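Here are my notes on the fold, for your review. Please read them alongside the coordinates.

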Amino acid sequence: MENSTLIIYSKNNCGPCNMMKLHMQENDIDFEERNISTSEIYMQELLDLGCQSVPVIVLDGEVIANGFEPWKLEGLT
């Protein structure tokens, strides 16, 4: 996953978001977190992706997981 940025859109007090972040940490998957609870800009980015709920995982501008779907991250380490 060289030169790619994996982004997780999350929000405060979100169980599935926390489980997804923990899964990525445990599997040494680097990611950038964008919390929609603290940023209107990140909320708008999420809406622009066509998503209304979190967690959403984006790789190179493409949604690769929407919800708690850790199996969709296989092979990203």
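1. A term first: two strands pair if DSSP finds at least two bridges between them. By that rule β1 and β3 pair, in the antiparallel sense, over four bridges. Tyr-9 has Val-56 in β3 as its bridge partner. Keep in mind that this is a predicted model.

2. The sheet is open and has four strands. Their order is β2-β1-β3-β4, with mixed pairing. β2 (32-35) and β4 (62-66) are the edge strands, each pairing on one side only. From one strand to the next, the twist averages 25 degrees.

3. The parallel part is β1 with β2. Strand β1 (residues 6-10) runs parallel to β2, and four bridges join them. Ser-10 sits opposite Asn-35 of β2.

4. Two helices pack on the sheet. Helix α1 (residues 15-26) touches β1, β2, β3 (56-59) and β4. Its direction makes about 155 degrees with that of β1. Helix α2 (residues 40-48) touches β1, β2 and β3. The direction of α2 makes about 100 degrees with that of β2.

5. Next, β3 and β4. They run antiparallel and are joined by four bridges. Val-58 stands opposite Val-63 in β4. The two strands form a hairpin, with two residues between them. Asp-60, in the turn, has a positive phi of about 50 degrees.

6. Which way do the side chains of β3 point? Val-56 and Val-58 point one way, Ile-57 and Leu-59 the other. All four names are buried. In a regular strand, side chains alternate between the two faces of the sheet.

Methods. Residues numbered from 1 in each chain as written. Predicted model: local features only at pLDDT ≥ 70, side-chain atom pairs only at ≥ 80, totals over all residues. Heavy atoms only, no water. Axes fitted to C-alpha atoms, helices over the stretch in contact; angles between N-to-C directions. Contact = heavy atoms within 4.5 Å. Buried < 20%, exposed > 50% of the residue type's maximum accessible area, 1.4 Å probe, protein only.
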